[in-house]
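Reader: I would like to go through a model feature by feature. Please show how each one is read.

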Amino acid sequence: MKNSDLNSLSAVMDKSSLEKLQALHNPDLHKFIAEAVRLCCPDRVLVCDDSAEDRELIRQLALQLEEETALVQPGHTVHFDAFKDCRLHDQSRDKAHTRYLLPHGQNLGPGIATLEREAGLGEIKELLRGIMTGKVMLVRFYCLGPAHSPFSIPCVQITDSAYVAHSEDLLFRTGYAEFKRLGAFNRFFRMLHSAGRLEHHVCADLVRRRIYIDLQEDLVYSVNTQYAGNSVGLKKLALRLAIRKADQEGWLAEHMFVMGVHGPHGRKTWFTGAYPSACGKTSTAMLVGESLVGDDLAYLRTCEGEVRAVNVERGMFGIIENVNPTDDPELYRVLHEGREVIFSNVLVHEGRPYWLGMGEPLPHNGLNYAGTWCEGKVDSCGQAIAPSYRGNARFAVSLDELRNLDARVDDPAGVPLAGIIYGGRDRETSVPVLESYDWVHGVVTMGACLESETTAAAMGAEGVRAFNPMANLDFLSIPLAHYLRNHLAFGCALSRPPRIFSTNYWLRNAEGAFLNAKHDKAVWLKWMERRIHGDVDALDGPTGRLPRYEDLKALFTEVLDCPYTRDDYRQQFGLKIPQELARIERVETCLHQAAGMPAVIFDMLNGQRR
Ligand code: SPV
Ligand code: MN
């Protein structure tokens, strides 16, 4: 450590924290922390390692600071994010104020918000100046992906929010040992977060909420926010840095679950699935009888001619709405009996959490995201306040709580990937399950053409159809054309790339009724698994390979023990030609707006149209 860094830090750290930092022989790390201390002026800095004692300290701190409140069930707490009214709240990702800082004159193409780097750094540093006065700065180390692996990315998180640190303890792998092992290396991800001024333990300065990503330094600044999607740096903020790193190194960083699907005779086949937020990604990964590796973020690398996938995380920050004993029995169990759960923006009554769609009547009053709540309460815009934050109340748990966790979750080599699934929220066009003809066909017509209706996971209007390639558009830190070119190249380099499928759980009939029940996705998954092994045939259609009625009928009986009629099949799998053509038109328009799109993408769409 440089002398000046050491001096500035020893004034605000106790001996134990200083020793922990000194044991990491990494001047870049020391410099980053010293600069953050000079900027944010905390009263004290607490450096944590991977020990159980430090984790317990953070747990206790979250309660002491009242960012979390204990519930009746031991180890369970609730956290609320700020809510002023329907226009000003802190309960989902703030896309409008999340920006990449780029040198003057550079941009990342349409739809990706950027800011001139010097100006952005000036603004964010002004917001952070002295922001931790009177507070404790926490310094935490994590590892994205399994440790000791080609996938691992060490990260350091600085925050003044014990809730953020506690969430990361549940959601990510510890990383102090990894930093120690690696010593002086310079590429690690850096996160600097402050919840800013608090009122009633939630962010008071929401209008000054900013999330700025400095790609040059692999550093994310986040200020005046507590919602985990904006503040828990290792989640979607690190994904943005990872997409950049993956681009430079020739792998893929994706918004995907990873799971093992069980086939006949003990066979297990590995899939990843990219779905926009709140479109069925977690519920697919959690299907009864299958094995979970991860539910939100995956890194994909090629190794000896095959694709390997890992879960970036080690926990789940899931949507709680509609988690009930019938649809999600394992999650429901964990939310009641788990050792440690952080609930956010649910309804609390007599120390117990309640949420919409939990399968039992809700109390008529309690504490919720808007303060004390009773039925009929409205906000200052006159909007009814729901018992729990509609659509985006969440829970955070460690994967260790789950009985369906796959034994290979921490395999440093990842799992061999056989299939990739793309799924959006589409009421009128795509069939429930479809297989692509080959890698390029799948990447283009299923991944790049993904459209979905917007949901409560990000700020803005809900239910609006939006172009969302690979369900990753919100997180792209490289131009879209570049990202798609990487995808094409990734699979084209392999003699047997993973098979690509699409699913749509949200198809409706003309009267607006859903054409599928929630459990039907279990059948689509089994069909894809059988296709990969050639156990079932398919029908060659203009948009891809379709399941045969007889195979689905047999699977409905086998998997769900329920009938499946020709009429069901016809309604679900009849191609909606005008809608398909309209979709190609819309997506093509979006793709044309981005410069440098590979010509093969438009050729493929033209072929599809013909
Ligand atoms: C999502 O919105 O896709 C999530 C939650 O997984 S967040 O951490 O907000 O990104
Ligand atoms: Mn997600």
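Author: What follows takes domains, a helix and some strands in turn. The model is predicted.

Reader: Which domains does the assignment give for the protein chain?

Author: The assignment gives domain 1 (3-66 + 91-249), domain 2 (252-316 + 407-609) and domain 3 (317-401). Domains 1 and 2 are each written as two segments.

Reader: How many residues of domain 1 are in contact with domain 3?

Author: On the domain 1 side there are 8 residues, and they are in contact with 10 residues of domain 3. Helix α6 (residues 162-171) contributes the most to that side of domain 1, with 4 residues. By type, the domain 1 side holds 3 nonpolar, 4 polar and 1 charged. The centres of domain 1 and domain 3, taken over C-alpha atoms, are 28 Å apart.

Reader: Turning to helices, why do residues three or four places apart point the same way in an α-helix?

Author: The case here is helix α18 (residues 599-609), whose buried residues are I601, M604 and L605. Seen down the axis of α18, these buried residues fall within an arc of 95°, so they line one face of the helix. On the other side of α18, A599, D603, N606 and G607 are exposed.

Reader: What do the buried residues of α18 pack against?

Author: They pack against three helices: α12 (439-448), α13 (480-492) and α17 (577-593).

Reader: Now the strands. Is strand β16 mostly covered or mostly open, and what are its neighbours?

Author: In a regular strand the side chains alternate between the two faces of the sheet. Strand β16 (residues 268-274) is mostly covered, with 6 of its 7 residues buried. Strand β15 (residues 256-262) runs antiparallel to β16 and is joined to it by 7 bridges; V261 stands opposite T269 in β16. β15 and β16 form a hairpin with 5 residues between them, and H265 in the turn has a positive phi of about 55°. Strand β28 (residues 419-423) pairs with β16 in the parallel sense over 4 bridges, and Y422 in β28 is the bridge partner of A274.

Reader: Which strands are the edges of the open sheet of 5 strands?

Author: The order of that sheet is β2-β3-β21-β26-β20, with mixed pairing. Its edge strands are β2 (69-70) and β20 (315-319), each of which pairs on one side only. β20 pairs with strand β26 (residues 394-398) in the antiparallel sense, over 5 bridges. In that pairing, I319 stands opposite R394 in β26.

How values were computed:
Residues are numbered from 1 along each chain as its sequence is written. Chains are lettered from A and ligands numbered from 1 in the order in which they are written. This is a predicted model: local features need pLDDT of at least 70, side-chain atom pairs count only at pLDDT 80 or more; totals for chains, interfaces and linings use all residues. A residue is buried if 20 or more other C-beta atoms lie within 10 Å of its own, exposed if 12 or fewer, and partly exposed in between; C-beta atoms are placed from the backbone. Helices (H or I, at least four residues) and strands (E, at least two) are DSSP runs, numbered from the N terminus. Two strands pair if DSSP finds at least two bridges between them. Domain bounds come from an automatic or database domain assignment. Two residues are in contact if their C-beta atoms, placed from the backbone, lie within 7 Å. Ala, Val, Leu, Ile, Met, Phe, Trp, Tyr, Cys and Pro count as nonpolar, Asp, Glu, Lys and Arg as charged, and the others, Gly among them, as polar. The arc is that of the directions from the helix axis to the C-beta atoms.
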